[in-house]
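Dear colleague,

Please find the structure below for your records. My findings follow it, and I would be grateful if you could read them with the coordinates open.

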Amino acid sequence: LIIGLGRKERYPENIGDLFRIFHNMKSAAGFLKLDPIIKLAVLCEDIVEEARVLQGPASEEFIDWLLLVSDQFEKYRKDVENDAPFFTVLNPLIIKVPHTLEKE
């Protein structure tokens, strides 16, 4: 889904699917009271909501950011699966939200 955002013809469907994924992750994490996952999912949902009104394709910066986010969620998944006492520290590069979401 993320890599497909670089293709204009796949952008609308993929960005909509990603929005729903982040929304569902936020809801599930809220039910389970998994605060780090909730916070990251809310951030992602907000950014992807902004990207939904664009025509695409996504900028490389946005795609790279989403890949970092995906890696972070995978780390969180492993933390939950392994009953880790703490969640993995957030990758600080995720805080640098991309300024440009769409290729110019």
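**Overall architecture**

The protein chain has 3 helices and 0 strands. Read from the N terminus, its elements follow the order α-α-α. The radius of gyration is 14 Å, close to the 13 Å given by the globule rule for 104 residues, so the chain is as compact as a globular protein of that length. Please bear in mind throughout that this is a predicted model.

Along the principal axes, the C-alpha atoms fill a box of roughly 45 × 25 × 20 Å. Of the contacts with a separation of 6 or more, 67% are between residues 24 or more positions apart. Buried residues make up 36% of the 104 residues. The chain exposes about 6500 Å², and carbon and sulfur atoms supply 58% of that area.

Which residues are in contact with Ser 59, leaving aside its neighbours within four places in sequence? They are Thr 100, Leu 101, Glu 102 and Lys 103. With Thr 100 there is also a polar approach: a polar atom of the Ser 59 side chain lies 2.5 Å from the backbone oxygen of Thr 100.

**Positive phi values**

Two residues other than glycine have a positive phi. Lys 33, which is not a glycine, has a phi of about 60°. Lys 33 is found in the loop between helix H1 (11–32) and H2. Its relative accessible area is 66%, and Lys 33 is thus exposed.

Asp 83, likewise a residue other than glycine, has a positive phi near 50°. Asp 83 lies in the segment after H3. The relative accessible area of Asp 83 is 67%, so this residue is exposed, the cut-off being over 50%.

Yours sincerely

Conventions:
Residues numbered from 1 in each chain as written. Predicted model: local features only at pLDDT ≥ 70, side-chain atom pairs only at ≥ 80, totals over all residues. Heavy atoms only, no water. Polar contact = N/O pair within 3.5 Å; in protein donor to acceptor, adjacent residues only side chain to side chain. Contact = heavy atoms within 4.5 Å. Helix = DSSP H or I, 4+ residues; strand = E, 2+ residues; numbered from the N terminus. Rg over C-alpha atoms; globule rule 2.2 N^0.38 Å. Buried < 20%, exposed > 50% of the residue type's maximum accessible area, 1.4 Å probe, protein only. Areas by Shrake-Rupley, 256 points an atom, 1.4 Å probe, with all protein chains shown as cover.
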